[in-house]
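Please examine the model shown below.

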Amino acid sequence: MNGTRAEEISTPTHRRDFPADFLWGSSTAAFQIEGATTEDGRTDSIWDTFSRTPGRVLNGDTGDPAVDHYHRMPQDVALMSDLGFKAYRFSVAWPRVRPDGGAVNEAGLDFYRRLVDELLAHDITPWLTLYHWDLPQALEDRGGWAERSTAFRFAEFADTVHAALGDRVEHWTTLNEPYCSSLLGYSAGVHAPGRQEPSAAVAAVHHLLLGHGLAVSAIRQREPKAKLGITLNLYPVDPVDPENPADVDAARRVDGLQNRIFLDPLLRGQYPDDVVADLAPFALAERIQDGDLAAIAAPLDMFGVNYYTHHLVGAAAPETATADTAAPFTPPGSPWVGAGALRFADAGLPVTDMGWEVIPNGLSRVLRRLHEEYSVTALYVNENGAACPDVVNDRGEVDDQDRIDYLDGHLRAALTAIEAGVDLRGYFCWSLLDNFEWAWGYSKRFGLVHVDYQTQVRTPKNSAKWLSSVMRANAVPEVESKNGN
């Protein structure tokens, strides 16, 4: 919650270079792109079940065929290479590798063996995420992340994947955005498994973090030199009225649930006292067993940040409260467990097709907070991008200038953080391809590459060509972003 507000900073117009060894990559997630949800022994994940449930996903869309990456993987890797990406952040589908959370499925592992081999053949560094939200449905049937045992099943899964790929994959991310897996999935109900049980959501927070710690330990035992990390979606949180104590406290509570409930145990070995107090009715403290916090706080080699927008929040009367769940419908649940009645305000900034305000300076604030408050090194932006209403024009092009402006502004913000001393080592754009956008189905396009969902034809957008030139120059050009700060 500390830092410079957006209106206090301006965007330089001169060319600015990134460090010589800066890593450029793109990101995807297994369920959003792979398809082939019943092939080669894969069983249902919670997102298969959720998307087949009427009213959960816009237009009744599901993750099959997605963008058919399972069958078109060599083409997609070649496309990455042509664009100049040097790293690819992908996730492994748990129900493909250990269906139903049980025995190892070699046919599922073979896909990732082929993917890694293809990446290395194109001189692209594999950047593997173990969990991007696709818990096996069979484990959810036993309680899911609300049950402590799931953390141990996750460590077994991590061990399995490392045994198969650890000789060729050096960089490992345990979890992607545990905020979404826990609070959106188990309290708000807008993500799989779609539960609206605040106590279960709080349990899920702890068990996800415990699973992270256990997975780190399992991989360290196999390969002490593996580079291990986690990825959090972190946002600045500001009060609507900084002079109103009720708004300031509302912002504190939201910051606690969005950011500090994950940062503090990972980086300080304890949950924040104020968050523990806020969540006393939901028994966070009672979930913690001896050794848990030490496992969660095991040293990491890298730290991933996903950044899209900010929160401007105030206290509200219950009848005017808003949940800020970013779903295509408004459910009765809220992710903000124990935070009371809240209202989320707009700052009057441009918005993406998701309705998220574009605030590049927020990325600088988040990165500087990690550097200044938590002394984090080896930072990577693992996701950053914009949904735009993209269409292929009569020239066969996708003119997505809004996305170019978005990327330009955020890359300049990343450079501002680097110039302030932040140890930022890489940037992964979300996303390589248009894909299944969770509860929004196929209605939102984040990709650098347009996908015709009927034909699966891939068309690099103008933003892909622009970013390709930036990566090759390792610098942002002498052009001011329209959506700059």
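Buried here means under 20% relative accessible area, exposed over 50%, and partly exposed in between, with a 1.4 Å probe and protein chains only. Helices (H or I, at least four residues) and strands (E, at least two) are DSSP runs, numbered from the N terminus. The model is predicted: local features need pLDDT of at least 70, side-chain atom pairs count only at pLDDT 80 or more, and totals for chains, interfaces and linings use all residues. Residues are numbered from 1 along each chain as its sequence is written, and side-chain values use heavy atoms, with hydrogens and water left out.

The buried residues of H8 include Pro178, Tyr179, Cys180 and Ala188. Those buried residues pack against E4, helix H6 (137-141), E5, helix H9 (198-222), E6 and helix H10 (245-268), where contact means heavy atoms within 4.5 Å. Just after H8, Gly189 adopts a positive phi of about 80 degrees.

H8 also gives the largest share of the lining of the largest pocket, namely 3 residues. A pocket is an open set of points on a 1 Å grid over the protein atoms alone, with protein on both sides within 12 Å along at least five of seven lines; a 1.4 Å probe is used, and lining residues have an atom within 4 Å of a point. The volume of the largest pocket is about 840 Å³, a volume being the space filled by probe spheres set on the points, which are joined across faces, edges and corners. Its lining comprises 42 residues, of which Thr309, Asp324, Thr325, Ala326 and Trp356 lie nearest the centre. The elements that give two or more residues to this lining are helix H8 (178-188) and strand E9 (311-315).

**Parallel strands**

Among the elements that H8 packs against is E6. In strand E6 (residues 227-233), 6 of the 7 residues are buried, so E6 too is largely enclosed by the rest of the structure. Strand E5 (residues 171-176) runs parallel to E6 and is joined to it by 4 bridges; two strands pair if DSSP finds at least two bridges between them. Trp172 has Leu228 of E6 as its bridge partner. E6 is also joined to strand E8 (residues 303-306), again in parallel, by 3 bridges, and Asn233 is partnered there by Asn306 of E8.

Strand E12 (residues 424-430) is likewise mostly covered, with 6 of its 7 residues buried. Strand E2 (residues 23-27) runs parallel to E12 over 5 bridges, and Ser27 has Trp430 as its bridge partner. Strand E11 (residues 379-383) pairs with E12 in the parallel sense over 3 bridges, with Val381 opposite Tyr427.

Helix H5 (residues 106-121) has 16 residues and reaches 22 Å from its first C-alpha to its last, close to the 22 Å expected at 1.5 Å a residue. The buried residues of H5 are Gly108, Leu109, Phe111, Tyr112, Leu115, Val116 and Leu119. They cover an arc of only 145 degrees around the axis, which puts them on the same side of H5; the arc is that of the directions from the helix axis to the C-beta atoms. Among the elements they pack against are helix H1 (30-33) and helix H7 (149-165).

Gln32 belongs to helix H1. This residue is buried, with a relative accessible area of 0%. Not counting residues up to four places away in sequence, the contacts of Gln32 include His132 and Trp430.

Technical notes
The expected span of a helix is 1.5 Å times one less than its number of residues.
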